[in-house]
Amino acid sequence: MKQAITGFHQDEESDWVAELACGHFQHVRHRPPWFNRPWVISKAGRDSMLGYELNCVKCDRHEPKDKSA
């Protein structure tokens, strides 16, 4: 199910995590060639993705919301 990005935070390993409108979190790493998301590196890049919809597999599996960052 597609869900909009509403914010970001970093996890304990300093990887960026998207906060989705549904209450779930999803890592958004930039680690080419497997993960090519250069926009995650800068604040301006992350801000430009607010509202962008990601596929939330946690919603598809009817999982509870993630805990607050």
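**Note on a predicted model: the sheet and its cysteines**

1. Neighbours of Ala4. Setting aside residues within four places in sequence, Ala4 touches Glu19, Leu20, Ala21, Gly51, Tyr52 and Glu53. Ala4 belongs to strand S1. With a relative accessibility of 21%, Ala4 counts as partly exposed. The structure is a predicted model, and the values in this note are to be read as computed from that model.

2. A distance from Ala4. The C-alpha atom of Ala4 is 19 Å from that of Asp15. Along the chain, these two residues are 11 places apart.

3. Neighbours of Gln3. Gln3 is also part of strand S1, which covers residues 2-10. Its relative accessible area is 13%, so Gln3 is buried. Apart from neighbours within four places in sequence, Gln3 is in contact with Leu20, Ala21, Cys22, Tyr52, Glu53, Leu54, Cys56 and Cys59. Both Cys22 and Cys59 are in that list; they return in point 8.

4. The sheet as a whole. In what order do the strands of the open sheet lie? The order is S3-S2-S1-S4, four strands with antiparallel pairing. Strand S3 (25-27) and strand S4 (53-55) are the edge strands, each pairing on one side only. From one strand to the next, the twist averages 50°. As background, strands of a sheet pair through backbone hydrogen bonds, and the pairing may be parallel or antiparallel.

5. S1 with S2. These two strands run antiparallel and are joined by five bridges. Within this pairing, Phe8 stands opposite Ala18 of S2. S1 and S2 form a hairpin, with five residues between the two strands. In the turn, Ser14 has a positive phi of about 65°.

6. Strand S2 takes in residues 16-20 and is joined to S3 by three bridges, the two running antiparallel. Ala18 has Gln26 as its bridge partner in S3. Ala18 is also the residue of S2 that Phe8 stands opposite. How many bridges join S1 to S4? Three bridges join them, and these strands run antiparallel. One example is Lys2, whose bridge partner in S4 is Asn55.

7. Rings and charge. One aromatic pair is counted in the model. A pair of aromatic rings is described by the distance of the centres and the angle of the planes. Separately, the charged end of Arg46 sits over the ring of Trp16, at 3.7 Å from the ring centre.

8. Cysteines. How many disulfides does a search of the whole structure find? The search finds zero. A disulfide is a covalent bond between the sulfur atoms of two cysteines. Cys59 is accordingly in no disulfide, its nearest cysteine sulfur being that of Cys22, 3.5 Å away.

9. Burial of the two cysteines. Are Cys22 and Cys59 buried or exposed? Cys22 has a relative accessible area of 14%, so Cys22 is buried. Cys59, with a relative accessible area of 13%, is buried too. The limit used for buried is under 20% relative accessible area.

Note on methods: Residues numbered from 1 in each chain as written. Predicted model: local features only at pLDDT ≥ 70, side-chain atom pairs only at ≥ 80, totals over all residues. Heavy atoms only, no water. Disulfide = S-S within 2.5 Å. Buried < 20%, exposed > 50% of the residue type's maximum accessible area, 1.4 Å probe, protein only. Phe/Tyr/Trp six-rings, centres within 6.5 Å; stacked < 30°, edge-to-face > 60°. Lys NZ or Arg CZ within 6 Å of the ring centre and 35° of its normal. Contact = heavy atoms within 4.5 Å. Pairing = 2+ DSSP bridges. Axes fitted to C-alpha atoms, helices over the stretch in contact; angles between N-to-C directions.
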